Amino acid sequence: MKRCKKCSLTNRDFYKEEVQVPTAANKMEELMLSGLYPSKQHNQAKREAIKRELKDRLYDSEEKRFVYQKLNGVAKFVAKKIYQVDTYSLNEYLDDKGLLLPIIKINNTMLKEEPEVAKLLAPYEEAPTYYARPSFNKKGKELNSSRIFPVQSWSDEELIKEYLLLGNQHKNLEAEYKRAMEEMGQCGVLQEKKKLTYEYGSISYIPHATRYRIADIYADLGEDFLYIYGEPHHQSLEEFLLKGTISQSEIDQFRTLKDIRVEFTIMSLDSEERQHMMFKERTLQMSMNRSSVSY
């Protein structure tokens, strides 16, 4: 076996050296140095600045929807209704219809305010799942800090054009960032140590909101416990609405209108049309399935 004169290692020794696998911290540092994460932050800040500027300009207009046909864009003020829900009564109603268990989830916000109840539910916790989340030190925050965008001097058309362009970039940046974070979440070193530091901050392994075995809670603690500490899971409720198992009017009887907020939004005309089509299809599907169930 020949020995390397420079490093005093045999060929066999050389190949025995371990290959260093990049950790989540290394990958997060690459994300910062490549400019992907700072670009994502700058993109968001610029879109917010444009949206704020255009909203201020159009706020006092009698019109609520402004179309920029040549740019395939629209800016509009949309009324959003804010409801207060009688969750206890809604949960009781869902139980009467046999829908409580497949729809309900524990309200974790309530548990934060009632530690004794959280302790009571500890034996019913499902196995936790985790995700990777970055945080930044002073150096990282400086790299991510927003630039000044002189949008006040731009025309309405320039604002719309730039906003739509940034929106397309945002989708690509978010998709790439999501892939990177999912990859970091698979890092064995991060999973073991729960937190890794690097030049611009740290990356942590954070548990998702706690989920519970609802059927066991129902069996052991009773339905009234779920009426108090449970809340409908939006996606699960939506599935039963689409199936026609329950109607929107049945849900609405437990909602009281508390406020109407005006939100400002900018989007492409194509996106607006897709939203309208999705709403029509959802309404039609609910109606058809509801008629089928009733029949």
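## Exercises on charged side chains

Arg57 is partly exposed, with a relative accessible area of 30%. The model used in these exercises is predicted.

**Exercise 1.** Find which residues are joined with Arg57 into one salt-bridge network.

*Solution.*
1. Start from Arg57 and Glu53: their side chains meet in a salt bridge, 2.9 Å from N to O.
2. Both residues lie in helix H3, four residues apart, which is about one turn of the helix.
3. Glu53 is buried, since its relative accessible area of 15% falls under the 20% cut-off.
4. Next, the side chains of Asp156 and Arg57 also meet in a salt bridge, at 2.7 Å from N to O.
5. This pair links distant parts of the chain, with Asp156 in helix H9 and Arg57 in helix H3, 99 residues apart.
6. Salt bridges that share partners therefore join Glu53, Arg57 and Asp156 into one network.

**Exercise 2.** State which parts of the chain the salt bridge between Glu174 and Lys40 ties together.

*Solution.*
1. The closest N and O atoms of Glu174 and Lys40 are 3.5 Å apart, and a salt bridge needs a distance within 4 Å.
2. Glu174 lies in helix H9 (residues 156-184) and Lys40 in helix H3 (residues 36-58), so the pair ties together parts 134 residues apart in sequence.

**Exercise 3.** Decide whether Lys76 is buried or exposed, and name the partner of its side chain in a 2.9 Å polar contact.

*Solution.*
1. Lys76 is in strand S2.
2. Its relative accessible area is 11%, so Lys76 is buried.
3. The side chain of Lys76 is joined to that of Glu272 by a polar contact of 2.9 Å.

Terms used:
Residues numbered from 1 in each chain as written. Predicted model: local features only at pLDDT ≥ 70, side-chain atom pairs only at ≥ 80, totals over all residues. Heavy atoms only, no water. Helix = DSSP H or I, 4+ residues; strand = E, 2+ residues; numbered from the N terminus. Buried < 20%, exposed > 50% of the residue type's maximum accessible area, 1.4 Å probe, protein only. Polar contact = N/O pair within 3.5 Å; in protein donor to acceptor, adjacent residues only side chain to side chain.
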